[in-house]
Amino acid sequence: MPNSIRAVGELVRPSALSELGGTQDYLYFLVRLLKPDIVVETGVYRGISTAFILAGLSDNQRGRLISVDLPNASYVTDEGGIDSSELGKGREPGFLVPDELKVRWRLERGNSRNLLGGLLDELTQVDMFYHDSEHTYRNMTSEFETVLPHLRGGGILAADDVTWNSAFADFVARHDFEWSRVVGKRLGLAVVRTRRKFAEPQPDEPTSPPGHAAKVSTREILPSTEPNQAETLGNRPGDRL
Ligand SMILES: C[S@@+](CC[C@H](N)C(=O)[O-])C[C@H]1O[C@@H](n2cnc3c(N)ncnc32)[C@H](O)[C@@H]1O
């Protein structure tokens, strides 16, 4: 087992990990498989997903993670409940992330709806996106549609809690992905076609029920053979991520 994932596993309480239903393991192995240069995440909270993505990048010895988090956010869910994430007094987003993994991390504090567009324009292209912020239909759809033009061919869009509403199912039904599926308890995954071609939304197309992604194929998730723009950014220690 790589040292970084062991360090994260030792740091994070097993009960906190089981809340995630295995999502953290998928994230780690997706990062190991895809070898991304740029990963963008929304929703940090204590930093479990952040730590596992960073552990994958550290073991790959390449890549950066840029996270967007509105600390202590509270919002009304589509079902009318309140979802809130209180960090506790004096705690910062990602307080569980081991210091040695933070060299590849940049945290932007604020609402993803305000920050994501500008951040993605700055980065131009990303290899992997992970949504775990506000799980309303409106916000999930906004994040997915904002990130899609920036995801490279062969890149991965991942989203937690896709069973809360049909935003992910509707999104993958609207666009022509290489592969999409809901894995584990509630992790949605979609792989962008290497030769990108996204269809316009079809108004009378039926929407998929929550938890059932459309257009599922048996293709493996493989990294793109296209040259990656982010390689040219250089990844020197001390660079602003
Ligand atoms: C479910 S928690 C993230 C859990 C984290 N991914 C983990 O694995 O530990 C959701 C986080 O998103 C933040 N959040 C909620 N709404 C947000 C928004 N609109 N923009 C950015 N962050 C948001 C919350 O404050 C909280 O920190």
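**Ligand shell, helix packing and sheet**

Colleague: By class, which residues make up the shell around the ligand?

Modeller: This is a predicted model. Charged residues in the ligand shell number 5. The rest of that shell is 10 nonpolar and 10 polar residues.

Colleague: Which residues come nearest to the ligand?

Modeller: There are 25 residues around the ligand. H4, strand E2 (64–69) and helix H5 (112–123) each give two or more residues to the shell. Those that come nearest are Gly43, Tyr45, Ser49, Ala73 and Glu134.

Colleague: Is helix H3 roughly parallel or roughly antiparallel to helix H4?

Modeller: H3 (residues 23–34) and H4 (residues 48–60) have their axes 8 Å apart. They pack at an angle of about 25°. Angles under 35 degrees count as roughly parallel. So H3 and H4 are roughly parallel.

Colleague: Is the crossing of H3 and H4 left-handed or right-handed?

Modeller: The contact includes Leu27, Tyr28 and Val31 of H3, and Phe52 and Ile53 of H4. Its residues are 8 nonpolar, 5 polar and 2 charged. The crossing is right-handed.

Colleague: Which strands stand at the edges of the sheet?

Modeller: The open sheet has 7 strands and mixed pairing. Their order is E5-E2-E1-E6-E7-E9-E8. An edge strand here has a single partner, so one side is left without a neighbour in the sheet. The edge strands are E5 (105–109) and E8 (179–183).

Key
Residues numbered from 1 in each chain as written. Predicted model: local features only at pLDDT ≥ 70, side-chain atom pairs only at ≥ 80, totals over all residues. Axes fitted to C-alpha atoms, helices over the stretch in contact; angles between N-to-C directions. Helix = DSSP H or I, 4+ residues; strand = E, 2+ residues; numbered from the N terminus. Parallel < 35°, antiparallel > 145°, perpendicular 65-115°, else oblique. Left-handed = near helix turned anticlockwise from the far one by under 90°. Contact = placed C-beta atoms within 7 Å. Nonpolar A, V, L, I, M, F, W, Y, C, P; charged D, E, K, R; others polar. Near = placed C-beta within 6 Å. Pairing = 2+ DSSP bridges.
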